[in-house]
Amino acid sequence: MVIDYVKHSLYIVDTSTGAKQMKPADKSPELAQLLDNLSTLVYGRVRRDVIAKDTCVSCGRAATTFKDNISRKEYTLSGMCQLCQDKLFG
Ligand SMILES: [Zn+2]
């Protein structure tokens, strides 16, 4: 499987199938690792893994529907679905 990292895109595109996948937000390796460690500690899930699977770091459910692009972008940062974002941010 070839993964084409599209610059400035929220998605990873699988060029063999054309399937789009959410891409964790670009961060420094150290910060990404810190966020992954935090999510593992707090939720028992690795942030980058759940984002790759389109699931929520907090509740574990599918995270595929967002009310706007801000929430979608937030998902690539926190890995939280719309429902959990709403609970956290009100
Ligand atoms: Zn959730």
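Helices here are DSSP runs of H or I with at least four residues, strands are DSSP runs of E with at least two, and both are numbered from the N terminus. Residue numbers start from 1 along each chain as its sequence is written. Please keep in mind that this is a predicted model, in which local features need pLDDT of at least 70, side-chain atom pairs count only at pLDDT 80 or more, and totals for chains, interfaces and linings use all residues.

**Overall layout**

The protein has four helices and three strands, and their order along the sequence is β-β-β-α-α-α-α. The pLDDT, the predictor's confidence in each residue on a scale from 0 to 100, has a mean of 84 for the protein, and 84% of the residues reach 70 or more. Residues 1-8 have a pLDDT below 50, and this stretch has 11 contacts in the model beyond near neighbours in sequence. A contact here is a pair of residues whose C-beta atoms, placed from the backbone, lie within 7 Å. Among contacts between residues at least 6 apart in sequence, 28% join residues at least 24 apart.

**Burial and the core**

A residue is called buried if 20 or more other C-beta atoms lie within 10 Å of its own, exposed if 12 or fewer do, and partly exposed in between, with C-beta atoms placed from the backbone. By that count, 20% of the 90 residues are buried. A nonpolar core is a set of buried Ala, Val, Leu, Ile, Met, Phe, Trp, Tyr and Cys residues joined through C-beta atoms within 7 Å. The largest such core has 10 residues, among them Met-22, Val-50, Tyr-75 and Cys-84. Leaving aside residues up to four places away in sequence, Cys-84 touches Cys-56, Ser-58 and Cys-59.

**Helix 1 and what follows**

Helix 1 covers residues 29-43, and its 15 residues should span 21 Å at 1.5 Å a residue, which agrees with the 21 Å between its end C-alpha atoms. The expected span is 1.5 Å times one less than the number of residues. Asn-37 lies in this helix and is exposed because it has 12 other C-beta atoms within 10 Å. After helix 1 comes Gly-44, with a positive phi near 75°.

**The loop between helices 2 and 3**

Asp-54 sits in the loop between helix 2 (47-52) and helix 3 (69-78). Its phi is near 55°, a positive value in a residue other than glycine. Most residues other than glycine have a negative phi. Asp-54 has 13 C-beta neighbours inside 10 Å, so it counts as partly exposed. Ala-62 belongs to the loop between helix 2 and helix 3 as well, and with 11 other C-beta atoms within 10 Å it is exposed. Beyond residues up to four places away in sequence, Ala-62 touches Asp-54 and Thr-55.

**Back to Gln-82**

Gln-82 counts as partly exposed because it has 18 C-beta neighbours inside 10 Å. It touches Thr-65, Phe-66, Lys-67 and Ser-71, again not counting residues up to four places away in sequence.

Here are some C-alpha to C-alpha distances for residues discussed above.

| Residue pair | Separation in sequence | C-alpha distance |
|---|---|---|
| Asn-37 and Arg-47 | 10 residues | 8.3 Å |
| Gln-82 and Thr-64 | 18 residues | 8.6 Å |
| Ala-62 and Cys-81 | 19 residues | 7.4 Å |

Methods: Two residues are in contact if their C-beta atoms, placed from the backbone, lie within 7 Å.
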